[in-house]
Amino acid sequence: MSTHETVVSLSGVDVHFDTESGINPFTDSETVRAVDDVDLEIDEKDVIAIVGESGSGKTTLGKTAVGLQKPTSGTVSYRGQDVWKARKRFSNPEIPFSEIRRSLQIIHQDPESSLNPHKSVRSSLEQPLKKWQKGLGPEDREARILAMLQKVGMSPPHDYAERYPHQLSGGETQRVALIRALLMNPDLILADEAVSALDVSLRVEMMDLMLDLQDSFNTSYLFISHDLSNARYVAEHADGYLGVMYLGELVEFGPAKEVLKNPQHPYTKVLRWATPSLEITDETEPPVRKIDIPDPVNPPSGCRFHTRCPYATGHCRESAPESRSADVPEHRTACYRIDEHSDYWDAEPLEGAHVDR
Ligand SMILES: Nc1ncnc2c1ncn2[C@@H]1O[C@H](COP(=O)(O)OP(=O)(O)OP(=O)(O)O)[C@@H](O)[C@H]1O
Ligand code: SF4
Ligand SMILES: [Mg+2]
């Protein structure tokens, strides 16, 4: 449960990438709007899961939140300190950038790339302790490393400490990556598809481990997954939050239980409907009108979901809905349907769509 002290805050964040689309890099460039106008607050001990299909901007948003990706516009702050101002030379920030770097950690998707293949587990884990806990002597460091390996079930720990990454399973590698991040005493860990490459049974184990260790280390998690079952597992068990991304926008965000019980954005309903483990009893849940995901270089006008939304009207095509809350203040959705006074209700449905309340 969150303690309401904000660790990371994103305000009006855009991340746009210019990519070359043709022969001339000056005239043939295109802009991918990977993240568009996102606001997000991550408090101490929060667990926030972000879900969305491939290319929706989850990784870009996550990297921006931990200061690894510079926003095109908007601000990212760590405990009130603008991260990118702290990063500038001679800026003399209240919180030095090195402190921000230590506090915001990341665990990657791919177990192989999480650890240096030429370093033993011991050596990989010693590194953060040497750098950030200079008061610890070699014996204390060794004791902490062995205790952590034992804690995550890698026993006998002496044996695991000697091993190299190629001598570990994918699940074991991700555990070492998690320990290494935690040894920095971070305020926030970005877990970007950190369980996606694991077998289903190991995924649950790894997610349970992350949540178990959260209490001892007082860290927050920004957990990213393209799979709603994983995102839901983590967010619900931690009594955390769930955010849904679509084409760079955070279209729905709120307490996980609330979003899953009472999804308000039609896209969240589609995701929920397409996740068999959620056992939706409402069989009449509508599918999308079109299967194709639009091009992020040239996203649809108005509400970006209007080309697929089963409830889209002409109003949705013309203008973009703002994110707002209807009943529960923390539950925010960018869809006209949550506003009973919207012009949406008087507009003509688009081809193949229907409007019902
Ligand atoms: N460095 C970059 N340069 C250009 N385009 C980029 C860059 N990084 C991401 N993109 C584009 O931004 C969009 C969002 O990418 P991102 O990796 O954030 O999506 P994602 O939701 O994490 O997808 P996945 O589930 O496949 O990991 C995509 O269209 C991607 O091609
Ligand atoms: S604003 Fe319109 S198109 Fe967008 S999700 Fe809501 S109903 Fe669908
Ligand atoms: Mg990604």
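Trainee: Which residues are buried in helix 1?

Mentor: Please note that this is a predicted model. A residue is called buried when its relative accessible area is under 20%. In helix 1, the buried residues are Lys58, Thr60, Leu61, Gly62, Thr64 and Ala65. The helix spans residues 58-65 and is mostly covered, with six of its eight residues buried. Just after helix 1, Gly67 takes a positive phi of about 80°.

Trainee: Which strands pair with strand 9, and in what sense?

Mentor: Strand 3 (residues 47-51) runs parallel to strand 9, and four bridges join them. Within this pairing, Ile48 has Tyr241 as its bridge partner. Strand 10 (residues 249-255) pairs with strand 9 in the antiparallel sense over six bridges; here Met245 is partnered by Leu250. The hairpin of strand 9 and strand 10 has two residues between the strands, and Leu247 takes a positive phi near 45° there.

Trainee: How many salt bridges does the structure hold?

Mentor: A salt bridge requires a side-chain nitrogen of Lys or Arg within 4 Å of a carboxyl oxygen of Asp or Glu. The structure holds 19 salt bridges. One of them joins the side chains of Arg304 and Asp36, at 2.3 Å from N to O. This pair links distant parts of the chain, 268 residues apart: Arg304 is in the loop between helix 12 and helix 13, and Asp36 is in strand 2.

Trainee: Are these two residues buried or exposed?

Mentor: Arg304 is buried because its relative accessible area is 6%, and Asp36 is buried because its value is 7%. Both belong to a network of salt bridges that also includes Arg33 and Glu249.

Trainee: What does another salt bridge look like, such as that of Arg175 and Glu205?

Mentor: Their side chains meet at 2.8 Å, N to O. Arg175 lies in helix 8 and Glu205 in helix 9, 30 residues apart. Arg175 is buried at 14%, whereas Glu205 is partly exposed at 43%.

Trainee: Which residues form a negative surface patch?

Mentor: Asp37, Asp39, Glu41 and Glu322 form such a patch. Asp39 is placed in strand 2 (residues 29-43) and counts as exposed because its relative accessibility is 51%.

Notes: Residues numbered from 1 in each chain as written. Chains lettered and ligands numbered in written order. Predicted model: local features only at pLDDT ≥ 70, side-chain atom pairs only at ≥ 80, totals over all residues. Heavy atoms only, no water. Patch = residues over 30% accessible without salt bridge, like charges linked within 9 Å, V, L, I, M, F, W, Y side chains within 5 Å. Areas by Shrake-Rupley, 256 points an atom, 1.4 Å probe, with all protein chains shown as cover. Lys, Arg positive; Asp, Glu negative; His and termini not counted. Charge placed at Lys NZ, Arg CZ, Asp CG, Glu CD. Buried < 20%, exposed > 50% of the residue type's maximum accessible area, 1.4 Å probe, protein only. Pairing = 2+ DSSP bridges.
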